[in-house]
Amino acid sequence: MAESNFSFKRLARDILRNRSATAGVGIIGFMVLAMVFGPSFVPYEPNDMDFMAIREVPSWTHPFGTDAVGRDVLARVLYGARISMLVTIIGVTLGGAAGTMIGMTSGFVGRWVDPVVMRFVDLLMAFPIFVLALFLMLVLGFGIQPVIFAIALVYVPNFARLARNTTLAVKEEPYVQAARLMGQSNLRIMLREILPNIAAPMFVQLTVGFAFGIVIEAGLSFLGLGVQPPDPSLGVVMADGKDYFLAHPWVITLTGLTLMVIILGLNLLGDGLRDILDPRLRKRSMA
Amino acid sequence: MTDTPIRSDDVALRIRGLNAGFRMSDGYLPIIEDVSLEVRKGEVLGIIGESGSGKTVTGMSILHLLPENAETEWKVFDFLDLDVTGMDEEAFRDLRGNRMAVVFQDPTGAFNPAKKVGWHFHQVFERTAVKSPDHAIRAKDWRNAAIDLMRDVGIAHGANVLGQYPHQLSGGMLQRALIALVLAFEPDLILADEPTTNLDNIVERQILDLFRDLQKRLDSAFVFITHDMTIAATLCDRIAVMYAGRIVELGSTKEIFDDPKHPYTQGLLATALALEEKSGERLQEIPGELPHPGALPPGCVFAPRCPHVFGRCETERPPLFDLPGREVRCLLYEDDDVSGR
Amino acid sequence: MSLAAEARAAGADEPLMRIDDLTIRFKLGSGLSGIMSDLPKHLDAVDRVSLDIRKGEVLGLVGESGSGKTTIGKAILRLYDAHQGSIFFRGTDITKLRGSALRALRRDLQMIFQDPASSLNPRQTVRTVLATPLLLHRVCPHDEVDRKVDEILTQVGLSPIFRNRYPHELSGGQLQRVAIGRALTLSPDLIVADEAVSKLDVSVRSQILNLFRDIQEELGTTIVFITHDLHVARYLCHRIGVMYFGKLLELGPTNEIYENPRHPYTEALLGTLKPTAKDDAEVAVAEAGEAYNPTGTTVGCRYYARCPYRVDHCQTTHPPLENISEEHSVACYEWQRIAQR
């Protein structure tokens, strides 16, 4: 596996050298800045209605225009992007952590436990995301929390599978046997010997997960299954705009473009990271 | 592609001034420097060196099989009567595919895991069918030809093996099958890189015997890379000893074993033979470690570990001195140089 | 064991470890395909082996791959469960231990692996590797760990500079030294070295073998040294056991085995050491390796198929291991004929 110890400096240098990763970092960096600081620059609150200025075309006062009840779309998009990203990141990370733990333990313990756990994981994977989300709504009610859980659940199988498979490979390595011979408990072995050595593909999976996770979030919110209006999330804003799309396409188009750019950035970042972690193994000097 | 004939003597491979290294994330890392060698048809040249000596990189350079981030350059690279230096990649790949064979440490890489062993033989026979009418006839009856070859390499049930997949054979069997394929292929150049390191003593002996047979039957030039001097002794006509990316001694096997000149060669031989003695005393060691390619000592690369080091060794890089029947890269032999350097 | 018996045993030269009729069985072909085929369902990698390991000795286990030598080494360390039989260590049958009792045993039995690079966690520094067992088993207090780590590094011939290095920065020889250091941290009674020098270059091999020698002489650690290399075994071991497909064929003092082998297989193995011979014995060994089907249901002598001394009686049951002199035992009905040669 990866043969070098992790250092931020080296990571930064490798990122700069990879075009995909640099672009990804650039886009996401910009987005994050916009989300964090943007709202302070925009003079409007996302929920401020102004019935004197409904469905306005983009202008200097309203760069993204306004919606049917006069809310400034740019403000809504910025806040919405923030919420979307947060929901996605928390959800995917939660799912990733849980999935990794489940998969790693299952793969490590093996015997009869592994096939049983993996069948449960398969079962989870078989559920369509929206059915899952709906179910969670029924149980937990509407709002941000159920969406986070829904996204987390969607990603558990993904990470569990990956973690399990990489664990199976690492488990057989002599250094794990050596750790066992040292008398280390199974828990210690999993945390100290296995986890650090399966971490790399997990991180890549995480960034890839973010990219699709945000699509899931937007989709759920669009359908009304996620973040509830009037709280903006990108999906909610688009849902608002869909009713009058033909007359006033700006809302849905500009929001959609924003979403697209975010996803593009995350994808580029994920691709770049995957490249960086891979040829690092190839760029050795053939001892 | 330039294929102006140079000289049709019996030198199959001639390399002069080969340098190679890798572009790493923090700069260029030189691995081998000023490597020059010649191999005649039907001759076995051994390249001896420990891990990190550059022997594998040398072999891979010859075959253009280095990874993407490698950079190579040479002053002369002749293969048979072709000047390969200017050749483009595709032409070289053609040449390599038709005239060169490689035997690696792990034979599995040479086989397509999704195809049976028989398929591989069929491919080779088809390819060689164009060489002569005899070859064409053989290609028609390739199954029997394959079984015969496999018997030659010690595979008793060749017919069964033809129908098996590579992963179903043991390491030793697969290596034998590969040698049979090489026999069928009749290449002009064979490169073997530590082909027996993974095998047990006993199987190793047999495989080495097979290589000897190979060499007798074919007229190929044979480059044999290994870290084990005793193996080299049984198989090679001439030996090139490499250390830290340079050839430090070059000469006939017998002469080098009788009279090793470079201190490193002497140390290698001593440690290799020590185990075979029955003395039971402490084994001879070469103290210290190989230098890192990026941090070579300023003078002779072996100086820090050399028992005969003296003043100039630490500041001057010795060239390869020409002695009668031997080349040595050591200042101790400066005065014996016959080339008038 | 009763107290009286224990006292008696302590007075006599009780072996450090007694392996009694041990069988290690691996299941084969699980799943549907296994059930459908008529291949045997299990492989006895170690087949009813009995063996004493004496305190302070270096016991060599030699054999080809598949002989079971590695399996028995791992079985000693409880990395495998016994199908049948016992391993007595300090009066207790360790095959029955579980949980915390098993963990407590870990202090006393350690292992050194074949591939030094993969025996160390690539993400841990040398310091972490050595400190972990020290802290886990409370060998020394927290504030003394660094000092102890340096002490161990010096003991295995590495400078304290290596403390903060990662495995990928070390050479094969250095890695193996760290692995040996790690094994020594708990001052174990027994170390199993599984092909510990096979992957090292010849000159580095000498260094590590010397290190093993030093450790053994200075600390009196008992070592089970598993190898396929007969030269290495001869250099390092006091006694040698020859294994073949799960069976122990011969056991005795090193000199005795090398000078007066009494089993046909041992004789053939030793024949391969001679640099020139390619006689019948060698061929016998050669084909033997490929001939025996370990999952078959042979009841007779495992070596029957290729034994030049075989008689009908040999097919009935595998010969038991019998003492032919005080220190030398052989599992062969015809050993006297070999003695006569």
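## Crossing of α3 and α10 in chain A

The crossing of α3(A) and α10(A) is right-handed; a crossing has this hand if the near helix is turned clockwise from the far one by less than a right angle, and is left-handed if the turn is anticlockwise. In this predicted model, local features need pLDDT of at least 70 and side-chain atom pairs count only at pLDDT 80 or more, whereas totals for chains, interfaces and linings use all residues. Residues are numbered from 1 along each chain as its sequence is written, while chains are lettered from A and ligands numbered from 1 in the order in which they are written.

Helix α3 (residues 73-109) and helix α10 (residues 250-277) of chain A pack with their axes 11 Å apart, at an angle of about 30°. Axes are lines fitted to C-alpha atoms, for helices over the stretch in contact, and angles run from 0 to 180 degrees between N-to-C directions. The pair α3(A) and α10(A) is therefore roughly parallel, a class for angles under 35 degrees, with over 145 roughly antiparallel, 65 to 115 roughly perpendicular and the rest oblique. On the α3(A) side, V73(A), V77(A) and A81(A) meet V251(A), L254(A), T255(A), T258(A) and I262(A) of α10(A); two residues are in contact if their C-beta atoms, placed from the backbone, lie within 7 Å. The residues of this contact comprise six nonpolar, two polar and no charged. Here Ala, Val, Leu, Ile, Met, Phe, Trp, Tyr, Cys and Pro count as nonpolar, Asp, Glu, Lys and Arg as charged, and the others, Gly among them, as polar.

## Chain A and chain C

Chain A has 11 helices and zero strands; helices (H or I, at least four residues) and strands (E, at least two) are DSSP runs, numbered from the N terminus. The C-alpha trace of chain A spans about 75 × 45 × 30 Å along its principal axes. Of its 287 residues, 45% count as buried, meaning that 20 or more other C-beta atoms lie within 10 Å of the residue's own, against 12 or fewer for exposed and values in between for partly exposed, with C-beta atoms placed from the backbone.

Chain C contains 13 helices and 12 strands, and buried residues make up 45% of its 341 residues. Among contacts in chain C with a separation of 6 or more, 64% are accounted for by residues 24 or more positions apart; the corresponding value for chain A is 72%.

## Nonpolar cores

A nonpolar core is a set of buried Ala, Val, Leu, Ile, Met, Phe, Trp, Tyr and Cys residues joined through C-beta atoms within 7 Å. In the largest such core, of 161 residues, V224(C) and F225(C) touch the most other members. Helix α6 (residues 144-171) of chain A gives the most to this core, with 15 residues. Beyond its neighbours within four places in sequence, F225(C) has contacts that include V58(C), L59(C), A193(C) and L236(C). A second, separate core of 94 residues includes F125(B), I155(B), L162(B) and F224(B).

## Contact of chains B and C

Chain B contributes 30 residues to the contact and chain C 24 residues. On the chain B side, α8(B) supplies the largest share, six residues. The residues of that side divide into 11 nonpolar, 10 polar and nine charged.

## Positive phi values

E186(B), in the loop between α7 (171-185) and β8 (189-193) of chain B, has phi near 50°. E186(B) is partly exposed, with 17 other C-beta atoms within 10 Å. F245(C) has phi near 45° and lies in the loop between β9 (239-244) and β10 (247-253) of chain C. F245(C) counts as buried, with 23 C-beta neighbours inside 10 Å.
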